[in-house]
Amino acid sequence: MNKTKRSRLEARGWRVGSAKVFVGLSPEEAALVETRLALSRALRSRRVAHGLTQGELARRLKSSQSRVAKMEAGDKSVSVDLLVKALFSLGARPQDLGRALQRRAKAA
């Protein structure tokens with residue numbers, strides 16, 4: 001949010017903060033959420049770069065298209081292990097996962 005918009009909202013009595021503060025996440029919980037989101041975005045990006053549909057990726061993973069959609073949405077029912085496995089199935093290396101996590105940390 002830009003400073004002007006934030007100032008206007010605060011001047012009208014609104015409190016502006018992060019989702020982390022609103023939900024009351026601990027630093028560890030917030031880090032896990034950020035990690036899951038970074039891996040989810042990396043998965044979608046890599047899938048699209050490979051020209052695959054969610055259904056095609058699901059067949060590779062012996063899963064369903066709806067599960068891949070949940071993976072890409074960062075759904076909490078999807079394990080970080082499954083996200084990592086899916087990224088590896090698309091040719092990602094550990095360094096690629098590290099870069100995805102670093103980009104997310106810088107954006108936050």
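Helices here are DSSP runs of H or I with at least four residues, and they are numbered from the N terminus. The structure is a predicted model, in which local features need pLDDT of at least 70 and side-chain atom pairs count only at pLDDT 80 or more, while totals for chains, interfaces and linings use all residues. Residues are numbered from 1 along each chain as its sequence is written, and side-chain values use heavy atoms, with hydrogens and water left out.

Helix H5 spans residues 65-73, and within it Val68, Met71 and Glu72 are buried, a term that stands for under 20% relative accessible area, computed with a 1.4 Å probe on protein chains only. These three residues lie on the same side of H5, because they cover an arc of only 95° around the axis, the arc being that of the directions from the helix axis to the C-beta atoms. In general, an α-helix has 3.6 residues a turn, so residues three or four places apart point the same way. The cover over the buried residues of H5 includes helix H3 (27-49), helix H4 (54-61) and helix H6 (80-89). Just after H5 comes glycine 74, whose phi is positive, at about 75°.

Helix H7, made up of residues 94-107, holds arginine 103, and aspartate 96 is also found in H7. Aspartate 96 counts as buried because its relative accessibility is 15%, and, leaving aside neighbours within four places in sequence, aspartate 96 is in contact (heavy atoms within 4.5 Å) with Arg46 and Gly91. Arginine 103, by contrast, has a relative accessible area of 53% and is therefore exposed, the cut-off for that term being over 50%. Between arginine 103 and aspartate 81 the separation is 22 residues in sequence and 20 Å in space, taken from C-alpha to C-alpha.

Technical notes
Helix = DSSP H or I, 4+ residues; strand = E, 2+ residues; numbered from the N terminus.
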